[in-house]
Amino acid sequence: MKRSLFSRILPYLFIAPTFVLMAIFSYYAIGKTVLDSFTDSAFGMKSHWLGLDNYVRAFHDDMFVTSFRNQLIITVTTVFNSIFFPLVAAELLFFVRSERVGKIVKMAFVIPMLVPGLVVTLMWKYLYNPNFGFNTLLRALDLSGLTRNWLNDSSVALICVILTGFPFISGMYFLILHNGLNMVSGELYEAAIIDGATSMQVVRYIHVPNLKPYVKTIFTLSLIGSLSGFGQIYAMTGGGPGYATMIPSLLMYKVAFGDGQFGYASALGMVIMLVIVVLTVVSRKLLKTEE
C-alpha cells in the first residue's frame, strides 16, 4: 500500500526547523563573515570594499603573528596533555583488579566534570595571585626568592596558562579511552598474560594499537578546541601582559567587540577557520588507520 504524500514528507517536516536554524545562525553567519572580511565594515559606519587588504594587514600585524606563535605552543601542549594523561589514568584503572576500587577510582576521575571550566580557571587564577596561592607556599618554605607576579610577568605568563588544569585528566577523554580499553578482547589480553607478557608489553603491543581510533578522535577534538576557544586565557590574562599570552581567537574577539572593526576581525576569523580546517584534514590523514 502506497503511503500518502503527507506521510512521506512528515519526517522532513520534523527536521526542517533544525535546518532552518542552522541556515540562519551557522551558514548565514559564515557567509556574512566571508563577505565582511573583504570590507572595512565597522560599528556604526558604512562599509566599503577593500579586497584582500584585511588579509595583507593580518600577516603584517605583529600581534597577530605573535598570537599564532603562542597558539602553536598552547595547541601542541594541549593535544599532548589531552592524550597522554587520560591514557595513563585509563591504563592504571584497567590494571586495578578490585572491581570496587576500580569504580571508586573511575568516579574520582569523572567527578571533576561536574565543575564548570570557568570555576577551575578562576581557582588557578587565585593560585597565581601574587599575594596568595603559590607565593604563600613558597614563602612558607623559605623560598621567597622564587615568588613573582605570575600572570603579569611576560617571561612566565604563557607557561602559567599552559599549566592551568594540572594534572590534565579530562573526564570526557578519560571515559573515551577507558571505553576503548574495555572494547579490547579479553581473550587477547588473557593469551598475552599466559604467554608471559608484562603489563608494559600489554600496553605497548595490545592496548595502544587498538586505541588508535579513540586517540584520533581525542586528537581532533582537542586540536579544534584549542584553536577555537579563548575563554580560559580571556579570564586569566586577557591576552597580557602586553600580548605575551594573546592567541588569534582572542585577538579576533577584541578587534571585533573592543575596537568595532568587524571587517578586519572577519578576516582574522577566516584565517583561523582555514588553519583549523587544514590542520584537521591533515591530522586525520596522518592518523588514518585501517578498520
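## The largest pocket

Six helices each supply at least two residues to the lining of the largest pocket: α3 (62–94), α5 (117–127), α7 (157–163), α8 (171–183), α11 (212–228) and α12 (231–236). The model is a predicted one. Among these helices, α5 gives the largest share of the lining, seven residues.

The space in this pocket comes to about 1300 Å³. Its lining counts 40 residues, and the closest to the centre are Val120, Thr164, Gly165, Ser170 and Gln232. By class, the lining of the largest pocket holds 23 nonpolar and 17 polar residues, with no charged ones.

## The second largest pocket

The second largest pocket holds about 350 Å³ of space. Its lining is made of 18 residues. Nearest the centre of this pocket lie Thr33, Met252, Gly269, Met270 and Met273.

Three helices each give at least two residues to the lining of the second largest pocket: α1 (5–36), α13 (248–257) and α14 (262–286). The largest share, seven residues, comes from α14. Twelve of the lining residues are nonpolar and six are polar.

## One cavity

How many cavities of 30 Å³ or more does the structure hold? There is one. The elements giving two or more residues to the lining of the largest cavity are α3 and α14. The volume of the largest cavity is about 30 Å³.

The residues around the largest cavity are Phe68, Gln71, Leu227, Pro248, Ile272 and Val275. Five residues of this lining are nonpolar, one is polar and none is charged.

## Helix α8

Helix α8 has 13 residues. From its first C-alpha to its last, α8 reaches 18 Å, close to the 18 Å expected at 1.5 Å a residue.

Which residues of α8 are buried? They are Gly171, Tyr173, Phe174, Leu177, His178, Gly180 and Leu181. The cover over these buried residues includes α3, α4 (99–110), α10 (199–210) and α11. Helix α8 also gives at least two residues to the lining of the largest pocket.

## Nonpolar cores

The largest nonpolar core has 22 residues. Ala90, Phe174, Leu177, Leu181, Val202, Ile206 and Ile218 touch the most other members. At least two residues of this core come from each of α3, α8, α9 (186–194), α10, α11 and α14. Helix α3 supplies the largest share of this core, seven residues.

Leucine 181 is one of the buried residues of α8. Setting aside neighbours within four places in sequence, leucine 181 is in contact with Ala90, Glu91, Phe94, His207 and Leu211. A second, separate core has 20 residues, including Val161, Ile162, Met246 and Val255.

## Threonine 245

Threonine 245 sits in the loop between α12 and α13. Is threonine 245 buried or exposed? Threonine 245 counts as buried because its relative accessible area is 0%, and the cut-off for buried is under 20%.

What does threonine 245 touch, leaving out residues up to four places away in sequence? Its contacts are Asn70, Ala157, Leu158, Val161, Ile233, Thr237, Gly239 and Gly240. One of these contacts, Val161, is also a member of the second core.

Notes: Residues are numbered from 1 along each chain as its sequence is written. This is a predicted model: local features need pLDDT of at least 70, side-chain atom pairs count only at pLDDT 80 or more; totals for chains, interfaces and linings use all residues. Side-chain values use heavy atoms; hydrogens and water are left out. On a 1 Å grid over the protein atoms alone, a cavity is a set of points where a 1.4 Å probe fits but cannot get out, and a pocket is an open set with protein on both sides within 12 Å along at least five of seven lines; lining residues have an atom within 4 Å of a point. Grid points are joined across faces, edges and corners, and a volume is the space filled by probe spheres set on the points. Helices (H or I, at least four residues) and strands (E, at least two) are DSSP runs, numbered from the N terminus. Ala, Val, Leu, Ile, Met, Phe, Trp, Tyr, Cys and Pro count as nonpolar, Asp, Glu, Lys and Arg as charged, and the others, Gly among them, as polar. The expected span of a helix is 1.5 Å times one less than its number of residues. Buried means under 20% relative accessible area, exposed over 50%, partly exposed in between (1.4 Å probe, protein chains only). Contact means heavy atoms within 4.5 Å. A nonpolar core is a set of buried Ala, Val, Leu, Ile, Met, Phe, Trp, Tyr and Cys residues joined through side-chain atoms within 4.5 Å.
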